Number of protein chains: 2
Amino acid sequence: MSVTIREVARQAGVSVATVSRVLNSSGPVNDGTRARIERVAAELRYVPNGAARSLITSRTTTLGVILPDLHGEFFSEVIRGIDGAARQRGYHLLVSSSHSDRAELDAVLRSMNGRVDGLLVMSPHVDARVLQQVLPAKLPAVILGSTTGEVLAHWHVTMDNAGGARQITQHLIEMGHRQLVHLAGPEANADARERQQGFQAALQGAGLNPQVVPGDFTERGGAEAALRVFDSAELPTALVAANDSMAIGAILALRERGVRVPEDVAVTGFDDLPIGRYFTPALTTVHVSIDALGAQATAHLVTALTQVSAANGSAAAASFSTTETIPARLVVRMSCGATR
Amino acid sequence: MSVTIREVARQAGVSVATVSRVLNSSGPVNDGTRARIERVAAELRYVPNGAARSLITSRTTTLGVILPDLHGEFFSEVIRGIDGAARQRGYHLLVSSSHSDRAELDAVLRSMNGRVDGLLVMSPHVDARVLQQVLPAKLPAVILGSTTGEVLAHWHVTMDNAGGARQITQHLIEMGHRQLVHLAGPEANADARERQQGFQAALQGAGLNPQVVPGDFTERGGAEAALRVFDSAELPTALVAANDSMAIGAILALRERGVRVPEDVAVTGFDDLPIGRYFTPALTTVHVSIDALGAQATAHLVTALTQVSAANGSAAAASFSTTETIPARLVVRMSCGATR
DNA sequence: CTGTTAGCGCCTTCAC
DNA sequence: GTGAAGGCGCTAACAG
């Protein structure tokens, strides 16, 4: 196989222990022998075997990242946030995506055992109890985004879905809209449900009747939902989409039917994906720092990790259950007929 | 620590060897004992330790992915392609990004040793010789995208940068343009250089004088390059940007100066990012299946891997040096003033 | 300062 | 069909 520590030791005329010492700068080593070992190691292009090392140290400096998907700007942003925060702290990323059901999730988790120090899990469509059962008890984990039900014993970083939806809906109401329809995200998705609740709360708060059309967070789903609304008796004055992708799909579909946005109907999104700025009309939406979501979660996880290794052995496993919420901010652009 | 195979063996009243046999379905085991072992393993929620396993099998079923960045749609697409192809073949992804210089690259490679079976490397700004030196000789690797100079002894999946640039430039020439300026990508980037060469070749082929303004693949860079052109004596009739981001930056910047696209000047991109379709004016660009790039590279790598493990030990390490090129296709939309 | 000795958790001959 | 023993490459006490 590859060149091992033993080979370096042999050629340098020392024991493997000494080589290990200079490699990890643990323990004192004579300057002369250190130099000799470093030279031999370089000549042999020796690289320590990560698996062997983490087997004994039980540390991998790797974080497992579990996402439902890798498609689109949303996840791209999440990963970017995670990656930046992880790199900054010296951690690597073992990424796995597309886990719809429990069996898949379970398989991935199994394969990650022993290869990661902690887990970042985004799983908006898996029930919290299932998650709780499937997640290895010994592995610190941080949940990203909302889940169905409460996950205990884990950090949790979510975004203010309900608050954001409420804000954008109220803005429309203040602009004079009275007939608003929500193009909802997938029913099984917790984030989507919270957004819908925010929408409904805002309408009910204004004494209005909330209407909802089902959708699925995709552009196509947005288009279909919009057309369903369009085909019904009366066109509302505003469409509140559950995310930017749906909003864009809706606008495109309506445009083909000769409906103009925002002149004939206002349409808003959620997420503030980069594309929304370039789109015509520029999308009124809710901004949440998706990369911050990933970064925060990573920061928490690494903190937990270092605490665990500090409280090494002592069963001081502090209860990790804490939730942090990334704020949501209204971004008014053209698609709602803003005057500015 | 966690529950080990030994514990399962003890509680099932068998030896670890037998447990290992049922876990990997290697070797014959009595149906009764198999059932008992499976039951105990499930009860104990036993999960084999990946590090230990790959230490002995010297297989990780993990691919190392090294990218220069994770930002933006381009890399999002690359990863998606890789992820899909890898999952399909049962491989996981150890991702690492943002490696500008040799030292960083080296560090990452070291840390991946023993944790991955092969490497997918995209490193457009690192010289091929450096890459050659830094890449572990024992680790099969596939290079994504162009590099500066020839990398031998490795698979190589590139896209037809020069051909695509030539196509789009010729299209503009056929439309009657005579004054074209190229908004170039980063000098150190091999893909960018090839695109520039394609542009120049097309112009020279038509007996025209190629003009080039430096840039850096970013939107901001595109804006600055466009303004530099704008501020010079005469505005050309067409701007050929090195990628979509630069094209978009250029269009936005020009618009602020009151220059209309495509009426006053045609602007084209390269990559065919999703955003180009939604942008106004819709971007004329060159389509390359970026996800296919990732997927192909992954497919090749896995093939190489299985061959290596098949030719196990026998020094039949076939020369891997082969290059595949993902084709480029002209996509005519509005930003070049197309009549359709 | 340096070498020797144990394993980390698992798979794999080789006997029985 | 099953068990015992050895070792993957490395680190972490111990002795010297």
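Reader: Is Ser58(A) buried, partly exposed or exposed, and how many C-beta neighbours does Ser58(A) have inside 10 Å?

Author: In this predicted model, Ser58(A) counts as partly exposed, because it has 14 C-beta neighbours inside 10 Å, and that falls between the 12 or fewer of an exposed residue and the 20 or more of a buried one.

Reader: Where does Ser58(A) lie, and what is its phi?

Author: Ser58(A) lies in the loop between H4 and strand E1 (62-66) of chain A, and its phi is near 50°, which is a positive value in a residue other than glycine. For context, most residues other than glycine have a negative phi.

Reader: What about Phe217(A), is that one buried or exposed?

Author: Phe217(A) counts as buried, with 26 C-beta neighbours inside 10 Å. Its place is in the loop between strand E7 (211-213) and helix H10 (219-231) of chain A, and its phi, near 75°, is again a positive value in a residue other than glycine.

Reader: And Glu187(A), buried or exposed?

Author: Glu187(A) is exposed, because 12 other C-beta atoms lie within 10 Å and 12 or fewer is the cut-off for that class. Glu187(A) is found in the loop between strand E6 (180-183) and helix H9 (190-205) of chain A, and its C-alpha atom is separated by 8.1 Å from that of Gly215(A), although the two are 28 residues apart along the chain.

Reader: Changing topic, which residues does a cis peptide bond join in chain A?

Author: Thr280(A) and Pro281(A) are joined by a cis peptide bond, with omega about 0°, and Pro281(A) has its place in the loop between H12 and strand E10 (285-287) of chain A. In chain B, a cis peptide bond joins Thr280(B) and Pro281(B), where omega is also about 0°.

Reader: How many residues surround DNA strand D, and which are closest?

Author: DNA strand D is surrounded by 27 residues, the closest being Ile5(A), Ala17(A), Ala52(A), Pro28(B) and Asn30(B). The residues of this surface divide into 15 nonpolar, 11 polar and one charged.

Reader: How many residues does each protein chain give to the contact between A and B?

Author: Chain A gives 38 residues and chain B gives 38 residues. On the side of chain A that touches chain B, H5(A) gives the most, with six residues, and that side divides into 16 nonpolar, 15 polar and seven charged residues.

Reader: In what sense do E2(A) and strand E2 of chain B pair?

Author: They pair in the antiparallel sense over three bridges, and within this pairing Leu94(A) has Leu94(B) as its bridge partner.

Reader: Why is chain A called more spread out than a compact globule?

Author: Chain A has 13 helices and 12 strands, and its radius of gyration is 26 Å, well over the 20 Å that the globule rule gives for 340 residues, so chain A is more spread out than a compact globule. Its C-alpha trace spans about 85 × 40 × 35 Å along its principal axes.

Reader: What is the mean pLDDT of chain A?

Author: The mean is 90, and 94% of the residues reach 70 or more, but over residues 312-318 of chain A the pLDDT is below 50. Where pLDDT is low, the predicted coordinates should not be read in detail.

How values were computed: Residues numbered from 1 in each chain as written. Chains lettered and ligands numbered in written order. Predicted model: local features only at pLDDT ≥ 70, side-chain atom pairs only at ≥ 80, totals over all residues. Near = placed C-beta within 6 Å. Nonpolar A, V, L, I, M, F, W, Y, C, P; charged D, E, K, R; others polar. Contact = placed C-beta atoms within 7 Å. Helix = DSSP H or I, 4+ residues; strand = E, 2+ residues; numbered from the N terminus. Pairing = 2+ DSSP bridges. pLDDT = per-residue confidence, 0-100. Rg over C-alpha atoms; globule rule 2.2 N^0.38 Å.
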